[in-house]
Amino acid sequence: MKGLDYSKPLSLYIHVPFCTRKCDYCAFYSVPLSSVDRSWMEKYVSLLLAEIDALNKDYGKPYKTVFVGGGNPGILGLVNIRRILEKAQENGRSEEVTLEINPENVSKEIYSLYPLLTRVSVGIQSMDDDVLAHLGRNARRKDNLRALSILSESPFRWNADIITAVPGESVETTIEDIKSVASYNPGHISFYCLTFEEGTPLIERERPIGEDEEALFLEKGWEKLRELGYEHYEVSNFSKEGERCLHNQVYWKLGQYVGFGPGAESSIGYSTVTSMREKESIAEYLSEPELKCTPLSLSETEEEFLLSSLRTKDGIDKAEYERRFGHSFDTLYRDAIERIEKQSYIETETTFSLTEKGFMTLDWIILQMAMGL
């Protein structure tokens, strides 16, 4: 694959574009299975396996991590999921293999995928039936409780997603969501604000809550998660010790990954990155899969690195930064750092990272630093 740095690890993202019903807030590419020819699912899986096979032969080594996301990958069924996981690990076992799944699709049958599968990510979103209905979710509280119970007894590492700052929701509801989910002891919780994306049913009927109110939801949620023993290791992600999501850390460190499936993105290279994207629709993908390549310049790659690295508690390793981009972090960003409030960052001789206060103004901080590029 042109642009791939074979000396660096490579991860694999597999996008499953099918779902039962598209949630009202969802902007990821997916289509309800009822709206397409059902034969497309088998065609999709066959084509996906062929693409992975070609990359297997080209790369020739195990992938660092594998992530099957969607859509709703659970809709493929265990047989097809197993086929995909086996093909993705033909060159050897990956350090972490994750499957996203909706609560209504969780069953004990999924245990049979271990150890091909090592992590499960379940989209709980809320434990309140009114909030779930407001979001257009298929699952209800009873489905969430059943899924949480099954996963708490499973052989997998697992994580649960929680959405906050939903219009009409109270801070108390969010805190109860966190407490309820955490009582099942997931190693990892993703906690993020509802986003309003163009073209979704949600934005046509609702407006986001105000920034100050949103900040209150986050502050109270972050406080409760810390109290329950979860480390705030990325803006929207919390984990128990040793339970960080390895695949997401590939993204945040601007590592190499290849994405297959309609709309999936890839990023390969080191000092400069080539960004790639698959065909945008299932029909296009099935007729002729093709990665559209966009080479980035050194400064564009550097900006992407800032965007991703500063989302994390670990922040930027200055020595790695200099190896990657050929100049001193301290020299280039000193003026920008002096414009940032002291309580918003932590700087040592070897690292630069943001505090929770800095996470709250992340976009502004990145803008200040990107001005120096």
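Helices (H or I, at least four residues) and strands (E, at least two) are DSSP runs, numbered from the N terminus. This is a predicted model, where local features need pLDDT of at least 70, side-chain atom pairs count only at pLDDT 80 or more, and totals for chains, interfaces and linings use all residues. Residues are numbered from 1 along each chain as its sequence is written, and side-chain values use heavy atoms, with hydrogens and water left out.

Start with the second largest pocket. Its lining draws at least two residues from each of β1 (10-16), α8 (246-252), α10 (298-309), β15 (316-317) and α11 (318-325). Helix α8 gives the most, with four residues.

Now turn to the nonpolar cores. A nonpolar core is a set of buried Ala, Val, Leu, Ile, Met, Phe, Trp, Tyr and Cys residues joined through side-chain atoms within 4.5 Å. Buried means under 20% relative accessible area, exposed over 50%, partly exposed in between (1.4 Å probe, protein chains only). The largest core has 91 residues; Leu12, Ile14, Phe18, Leu117, Leu310 and Met369 touch the most other members. Helix α1 (residues 39-59) gives the most to this core: nine residues. A second, separate core has ten residues, among them Cys23, Tyr25, Phe196 and Leu202. In soluble globular proteins, nonpolar side chains tend to be buried together.

Last, look at Ile209. It sits in the loop between α6 (201-205) and α7 (211-227). Is Ile209 buried or exposed? Ile209 is buried, because its relative accessible area is 16%. Contact means heavy atoms within 4.5 Å. Leaving out residues up to four places away in sequence, Ile209 touches Ala165, Pro167, Glu214 and Phe217.
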